[in-house]
Amino acid sequence: MDKKEETKPLLTVKKEGVRQERWYFGGLSGVLAACCTHPLDTLKVQLQTQQRAEYGLVSMAAKIIRDDGFFALYNGLSASCLRQATYTTTRFAIYGAVRSLRPDSNLNFFEKISLAASSGAIGAFVGAPADLINVRMQNDPKLARDKRRNYKHAIDGIVRVCREEGPKKLFNGASMAVIRGSFVTIGQIAFYEQVKQVLLATGYFKDNIITHFTSSFAAGAGATLLTMPLDVMKTRLMNAPPGTYNSLLDCFADIIKVGPAGLFKGFIPAFIRLGPHTILMFIFLEQLKQNFGYIKRDKQ
């Protein structure tokens, strides 16, 4: 009798010991990852906004540091953090909330892609204003000093855009951002979960940092492949002066003038940036979940 009574609670603890992420963990993980990878994001934006490939990754970094100092690589960090706090929080929260509606919280690959696409689209729309300010602040050092916007921080940028250009301008390029948000979320969340599930099913991997690293590396590569052309167009639209482009087709035609390779400008820094960002984001997310998550209890 004593042994049976001791065994039952132990089994219960094991069953309930799987911790779940809280709704804001995704955004917090994104902010932490952005703080680590922001210089690469700055280089990616400046490479994508040059009409001709005058500079490579290293030469662009050297030019920025030479002209404006090392900390110019962190231009727009406040906007980048605000973007993660809005865009990434929204998409992870929606994805997690809808997934939790399933009794077993398990989705097939098609369901993961569909849910990731819709979550990413909504998140990208919510984060579009911060994304606009982020792109502008990162590209500022490349402009002539008399043409720089010189936003003090993300909130100052949003206030000035509303006052000087109108609130509608905050969503300039939002349509492209929404499309890109869908694809990057498919590449990140859906691919990450699927790869992680496959690895764990082999029996050779455990739910540890090695599996998290491998899954997130694959997710970063997939997200870069899916979103590179869209990312170039989004960056151009958000940074263009008023009246430069009348439509997405105008932007596409302008980029393609230099050949199809124009759609993949900054591919290497985009992968270098998105890969580490995705890896760090999911590692931070898994650590937050394991250390500060909650235990989901079945309703009885």
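1. **Second largest pocket.** By class, five nonpolar, five polar and six charged residues line the second largest pocket. Here Ala, Val, Leu, Ile, Met, Phe, Trp, Tyr, Cys and Pro count as nonpolar, Asp, Glu, Lys and Arg as charged, and the others, Gly among them, as polar. The space in this pocket is about 330 Å³. Of its 16 lining residues, Asn139, Leu143, Asn239, Ala240 and Pro241 are the closest to the centre. Helices α5 and α8 each give at least two residues to the lining.

2. **Basis of the model.** This is a predicted model: local features need pLDDT of at least 70, side-chain atom pairs count only at pLDDT 80 or more, and totals for chains, interfaces and linings use all residues. Residues are numbered from 1 along each chain as its sequence is written, and side-chain values use heavy atoms, with hydrogens and water left out.

3. **How spaces and elements are defined.** The search runs on a 1 Å grid over the protein atoms alone. A cavity is a set of points where a 1.4 Å probe fits but cannot get out; a pocket is an open set with protein on both sides within 12 Å along at least five of seven lines; lining residues have an atom within 4 Å of a point. Grid points are joined across faces, edges and corners, and a volume is the space filled by probe spheres set on the points. Helices (H or I, at least four residues) and strands (E, at least two) are DSSP runs, numbered from the N terminus.

4. **Largest cavity.** The count comes to five cavities of 30 Å³ or more. The largest cavity has a volume of about 80 Å³. Its lining is made by Asp41, Lys44, Val45, Arg83, Asp131, Asn134, Val135, Gln138, Arg180, Lys234, Thr235 and Arg273. The elements that give two or more of these residues are α2, α5 (109–139) and α8 (209–239). The largest share, four residues, comes from α5. By class, the lining of the largest cavity holds two nonpolar, three polar and seven charged residues.

5. The structure holds 15 salt bridges (a side-chain nitrogen of Lys or Arg within 4 Å of a carboxyl oxygen of Asp or Glu). Side chains of opposite charge can pair when their charged atoms come close. One of these bridges joins Asp67 and Lys63 at 3.2 Å, N to O. Both residues lie in helix α3 (residues 57–68), four residues apart, about one turn of the helix. Buried means under 20% relative accessible area, exposed over 50%, and partly exposed in between (1.4 Å probe, protein chains only). Lys63 counts as buried, at 18%. Asp67 is partly exposed, at 37%.

6. The side chains of Arg145 and Asp68 meet at 3.9 Å, N to O. This pair links distant parts of the chain: Arg145 is in the loop between α5 and α6, Asp68 is in helix α3, and they are 77 residues apart. Arg145 counts as exposed, at 60% relative accessibility. Asp68 is partly exposed, at 26%.

7. Lys196 and Asp207 form a salt bridge at 3.5 Å, N to O. Lys196 lies in helix α7 and Asp207 in the loop between α7 and α8, so the pair ties together parts that are 11 residues apart in sequence. Lys196 is buried, with a relative accessible area of 11%. Asp207 is partly exposed, at 43%. A network of salt bridges links Lys196, Asp207, Glu286 and Lys289.

8. **Asn150 backbone.** Most residues other than glycine have a negative phi. Asn150 is not a glycine, yet has a positive phi of about 55°. Asn150 sits in the loop between α5 and α6 (154–164). At 48% relative accessibility, Asn150 is partly exposed.

9. **Nonpolar surface patch.** Trp23, Tyr24, Leu28 and Leu32 make a nonpolar surface patch of about 410 Å². Patches are made of residues with over 30% relative accessible area and no salt bridge: like charges are joined within 9 Å, nonpolar side chains (Val, Leu, Ile, Met, Phe, Trp, Tyr) within 5 Å. Accessible areas come from the Shrake-Rupley method with a 1.4 Å probe; for residues, only the protein chains shown count as cover. Tyr24 is found in the loop between β1 (19–20) and α2 (25–48). Tyr24 is partly exposed, at 37%.
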